[in-house]
Every structure is written in C-alpha cells, then in structure tokens.
Amino acid sequence: MSDIKKIKDEFLDKLSKDLNIENVNQIKSELFGKNGQISNAFKNLGSFPPEERKKFASDLNFIKDELQEKINKKIQEIEIKEINSKLDNEKVDVTLPERNIIRGKIHPVSQVIDEISSIFSEVGFSVEEGPDVENEHYNFTALNTPDNHPARDMHDTFYLDDEKKLLLRTHTSPVQVRTMLKGKPPFKIIAPGRTYRSDSDQTHAPMFHQVEGLHIDKNINMGHLKGCLSYFIKSFFEVDKIKMRFRPSHFPFTEPSAEVDIGYELKDGKIEIGEGDKWLEILGCGMVHPNVLKNVKVNPDKYQGYAFGIGIDRLAMLKYGINDLRAFFETDYRWLNHFGFDPLDVPSNYRGLSR
Ligand code: DAH
C-alpha cells in the first residue's frame with residue numbers, strides 16, 4: 001500500500017506543475033501504459049495473500065481513479081489556456097482601414113457576346129450552346145462536307161484522335177445540326193462560342209469566337225436574311241445607316257452562299273462603320289442547303305431558311321478599336337484594365353485591376 005501511495009503522491013506532485021499536452025501524455029503513459037506503474041501494480045495483485053488482495057485492489061482502484069481524474073482536469077486546463085491565449089493574440093482590429101477590392105473586368109469578347117445575344121433576342125432568336133470538343137460528323141459530314149471535301153483541309157482542324165473522329169470544332173455551325181436534331185421546326189437561334197483552327201498571326205488565333213445564326217421556317221427567304229443582318233449590324237455598331245454588300249461565295253452547307261462586306265472609312269486613323277467607300281468582310285451566310293435539312297430529318301420541301309456565321313473577335317476589334325487579335329488571349333492585366341468593361345455594380349472602393 002505504501003508503494004502505491006508513494007506513486008500517487010509523486011504523480012500528483014508532477015501534475016500540479018506547469019505542463020503542456022505532451023508532458024501530460026508522458027505522465028499518462030508512465031502510469032497507465034503497458035509498463036506503467038499502475039498497470040504493473042494491477043499485474044502484481046496475484047502475489048498478495050488472498051486476505052490482503054481485496055483491500056489492496058480496492059485502494060489501487062481508488063488511486064487509479066483519482067490520478068485519472070487529475071489527468072483529465074489537467075488536459076482541460078491546458079486546452080482552455082490555449083484557447084484563451086489564441087483569443088488574446090488573434091484579436092480582430094476593427095479600427096484598421098478596409099482594403100481596396102481588386103475586381104476583374106469583363107473581357108471585350110464576353111461583352112460583345114452579351115451585346116450580340118441581346119440584339120438578336122430582341123427579334124426572337126434564342127441562344128443555344130454546343131461543346132468545344134465535337135465529332136467529325138456534326139462538324140463536317142452532317143453539314144454537307146463529306147470526306148475528302150476540300151473545305152475540310154481549309155479548316156486546319158485540330159484532331160484529337162488518330163481516326164479523326166473527335167476534334168476541336170472549327171466553327172459554330174455544328175450547333176445548327178445539334179439544335180435541329182433535338183427539336184422540331186421552326187428554329188430561330190444564335191449560338192456564340194469558342195472555335196479552333198491551327199492558325200496564328202496578327203488577325204488569327206488558334207482559338208477564336210464565332211456566333212452562328214439559324215432561322216428555319218416555312219417561306220423564309222434571302223430577303224429575311226438581308227433584313228436580319230442589316231438590323232444586327234446597325235444595332236451592334238450603333239449607326240442609323242450602313243452600306244452592306246453580298247458577295248457570292250461558297251460554303252458546303254448553304255446554297256446560294258455569300259460573304260457580307262460592310263462599308264467603312266478611316267477618320268483620323270479610326271475605322272468608322274457605315275460611311276465611306278472601303279469594304280470590310282465580316283461574315284459568311286446563305287440559304288441552308290437541302291442536304292443539311294435532310295441530314296437532320298427536316299423536310300426541305302416544307303421548310304427552308306438562312307444561316308450565318310460571324311467572327312466575334314473581329315467585331316470586338318472593330319467596335320472597340322483593338323488592332324491585335326492575339327492580345328485578346330494573352331491575359332495581360334494592363335490590357336484588360338484598358339479594354340475591359342466594368343460590371344454594373346461597381347463598389348465605391350473599386351480601384352480597377354492592379355498588380
Ligand atoms: N462556318 C463558316 C466558317 O466558319 C461560316 C459560315 C458561313 C456559317 C456560312 C454559316 C453560313 O452558317 O451559312 O467559315
């Protein structure tokens with residue numbers, strides 16, 4: 001008994017000192033670990049004569065509980081101390097001045113996509129999307145561009161597999177196919193998005209943006225196409241009058257096909273749309289080829305319509321006076337700060353982008 005009393009006093013003394021969690025764990029293992037003093041005392045119970053064993057066991061249990069309780073208390077104390085010291089040291093200083101909010105700007109391409117979508121939605125077009133990774137069928141074959149058609153080579157396609165079945169879409173035209181396959185005519189949609197071709201110079205980037213247009217119904221003709229494009233160009237460039245010319249062209253998915261030029265002049269080195277006698281090509285269009293309609297199970301004897309494809313980046317460059325297409329995709333903060341657009345809800349402490 002005196003032995004375990006000594007152990008008790010020794011450890012109660014140890015536990016009354018200033019300890020950290022590691023110290024307490026050490027004490028715990030010295031007492032109750034595999035070779036701990038209390039554990040060993042229990043193992044020795046057998047060596048006591050039976051008449052003493054009961055009393056010793058009861059004293060031992062008592063001391064064990066007392067020590068355990070003391071340890072638990074000590075742990076609690078240490079934890080509370082830690083929390084209090086954290087609260088003291090990590091106070092929030094509410095008197096500090098607020099930080100400037102550094103916010104992004106809206107990229108000119110996103111801005112132009114929003115403008116285009118709202119202009120077309122005013123005259124009944126809805127907005128569709130398609131995937132950037134497209135299959136060869138939707139990108140070419142269903143658009144009346146069979147294997148070995150020269151237009152396939154002209155597109156400098158990024159193929160994603162050896163069989164040339166998967167690719168990065170070279171234009172937004174496959175969204176025409178997807179839209180018509182999943183619904184029933186009439187169709188009146190635009191489809192803005194990213195497109196890809198293996199090409200790069202001042203006016204070409206390997207990734208660029210197009211917006212596709214498609215209007216299919218009974219009795220839609222080229223006059224509607226002309227009216228729609230003229231409305232769009234005037235709204236987009238915010239001018240009352242434009243000069244527009246349709247040049248005969250060829251696309252496999254339209255017949256007849258045309259490229260559209262708009263008139264402009266240079267005033268003080270700046271392009272002014274609508275006046276003057278210079279011409280700028282801005283889009284391709286035409287009446288949807290009957291084969292395309294057949295490929296998507298639309299009867300070309302009942303339905304017809306027009307389609308067009310416009311380069312979005314080109315429009316953004318023209319409207320906002322940006323002359324190198326590659327800058328669009330270089331993620332230069334200074335460039336974006338200059339050409340980007342503020343969101344509508346600008347907070348008072350907004351200082352633009354800074355780095
Ligand atoms: N997909 C064509 C291209 O990227 C552009 C185009 C031309 C789209 C005529 C059309 C269209 O929908 O009718 O070169």
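Which residues form a nonpolar patch on the surface? Here they are: V133, L160 and L166, with about 240 Å² of accessible area together. A quick word on the model before I go on: it's predicted, so local features need pLDDT of at least 70 and side-chain atom pairs count only at pLDDT 80 or more, while totals for chains, interfaces and linings use all residues. Residues are numbered from 1 along each chain as its sequence is written, and side-chain values use heavy atoms, with hydrogens and water left out.

Back to L166, then. You'll find L166 in strand β3, residues 166–168 (strands are DSSP runs of E, at least two residues, and helices are runs of H or I, at least four, numbered from the N terminus). L166 counts as partly exposed because its relative accessibility is 39%; buried means under 20%, exposed over 50%, and partly exposed in between, with a 1.4 Å probe and protein chains only.

Now, the rings. Rings of Phe, Tyr and Trp (its six-membered ring) pair if their centres lie within 6.5 Å; planes under 30 degrees apart are stacked, over 60 edge-to-face, and the rest tilted. That gives 12 aromatic pairs. Take Y306 and F308: their centres are 6.4 Å apart and the planes sit at 20 degrees, so that pair is stacked.

W335 and F339 make a tilted pair, 5.3 Å centre to centre with 45 degrees between the planes. They're 4 residues apart in helix α12, residues 333–339, so about one helical turn separates them. W335 is buried at 13% relative accessibility, whereas F339 is partly exposed at 21%.

Note on methods:
Patch = residues over 30% accessible without salt bridge, like charges linked within 9 Å, V, L, I, M, F, W, Y side chains within 5 Å. Areas by Shrake-Rupley, 256 points an atom, 1.4 Å probe, with all protein chains shown as cover. Salt bridge = Lys/Arg side-chain N within 4 Å of Asp/Glu carboxyl O.
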